[in-house]
Amino acid sequence: MSDQLRRAGAVVLGGGERTRQPMADEALLQHTGQPWSHLDPWRVLRIQSEFVEGFDALKELPPAVSVFGSARTSTDHPMYQAAVELGRGLVHRGFAVITGGGPGIMEAANRGAFEAEGTSVGLGIELPNEQGMNEFISLGVNFRYFFARKTMFLKYSQGFITMPGGFGTLDELFEALTLIQTGKVKNFPMVLFGRAHWAPLMEWVRDTMAEHGFIARSDLSLVTVTDDVEEALDAMGRPGEIPG
Ligand SMILES: CC(C)=CCNc1ncnc2c1ncn2[C@@H]1O[C@H](COP(=O)(O)O)[C@@H](O)[C@H]1O
């Protein structure tokens with residue numbers, strides 16, 4: 001290491017005074033004026049506790065499928081009804097159903113699962129003006145951090161069914177696709193339910209993303225697009241089975 005570079009734990013620092021950071025024990029003893037509970041290191045313990053609580057609450061969960069979709073879908077929308085049927089169908093096939101615990105499509109999938117007397121899980125998120133979890137949940141966990149919550153969806157699901165939705169839904173979809181594409185998650189079926197909503201996106205993925213080489217053509221096979229409840233359920237395989 002040159003004279004210019006210093007180590008601070010795992011971190012390598014260059015540029016002399018410009019990047020000077022206090023040593024760990026110096027920082028601990030420094031008085032910053034901020035309450036200690038507002039500092040990031042303390043926040044790490046909160047983050048850690050979210051993972052511990054989530055893992056602990058979900059450790060006995062039977063094989064599950066997560067259903068995502070808009071928080072804004074009203075009860076009289078055909079997609080709400082389809083999500084109820086998916087929730088019910090998943091339970092009849094032996095799955096627990098996981099959602100984000102909110103209204104709209106989440107509520108509908110939980111409703112189907114709950115009314116079929118299955119395990120209906122809500123992984124809620126703290127949001128401004130939140131309305132609390134929907135009433136069709138048999139096991140609920142509330143999170144402060146999106147990233148901790150998203151780990152739970154993937155860790156405890158055998159596959160995802162994604163219904164029409166907005167940014168939140170796309171976030172969940174593309175995180176899962178990235179993890180599948182990079183081999184972090186294997187044999188993970190993904191259904192996009194609702195052709196009218198998803199076909200234009202998949203067209204762009206094929207004609208722009210794949211065409212310009214940003215993804216491989218084979219990445220397109222990661223996803224099944226359908227309007228058919230039975231086809232969506234079939235794509236999830238059997239509980240505990242790792243689809244080939
Ligand atoms: C009416 C309203 C905005 C309620 C917000 N309440 C929510 N409660 C729980 N999860 C949520 C909520 N909003 C977004 N999400 C997350 O983001 C996805 C839906 O976001 P969006 O509506 O597609 O973008 C859901 O699958 C869920 O995981």
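Reader: How far does a polar side-chain atom of Thr-169 lie from an oxygen atom of the ligand?

Author: The distance is 2.6 Å. This is a predicted model: local features need pLDDT of at least 70, side-chain atom pairs need 80 or more, and totals for chains, interfaces and linings use all residues. Residues count from 1 along each chain as its sequence is written, and side-chain values use heavy atoms, without hydrogens or water.

Reader: Which backbone atoms lie by ligand oxygens?

Author: A polar backbone atom of Gly-168 is 3.0 Å from a ligand oxygen. For Phe-167, a backbone N or O atom lies 3.4 Å from a ligand oxygen.

Reader: How many residues surround the ligand?

Author: There are 17 (a heavy atom within 4 Å). The closest are Arg-149, Gly-166, Gly-168, Thr-169 and Glu-172. Helix H6 gives the largest share of this shell, 4 residues. The shell divides into 7 nonpolar, 8 polar (Gly among them) and 2 charged residues.

Reader: How do I read empty space?

Author: Rolling a probe the size of a water molecule over the atoms shows where space is left.

Reader: What lines the largest pocket?

Author: Its lining residues (an atom within 4 Å of a point) divide into 11 nonpolar, 14 polar and 5 charged. H6 gives the largest share of the lining, 5 residues.

Key:
Helices (H or I, at least four residues) and strands (E, at least two) are DSSP runs, numbered from the N terminus. A polar contact is a pair of N or O atoms within 3.5 Å; within protein, one must be able to donate a hydrogen and the other to accept it, and residues adjacent in sequence count only if both atoms are side-chain atoms.
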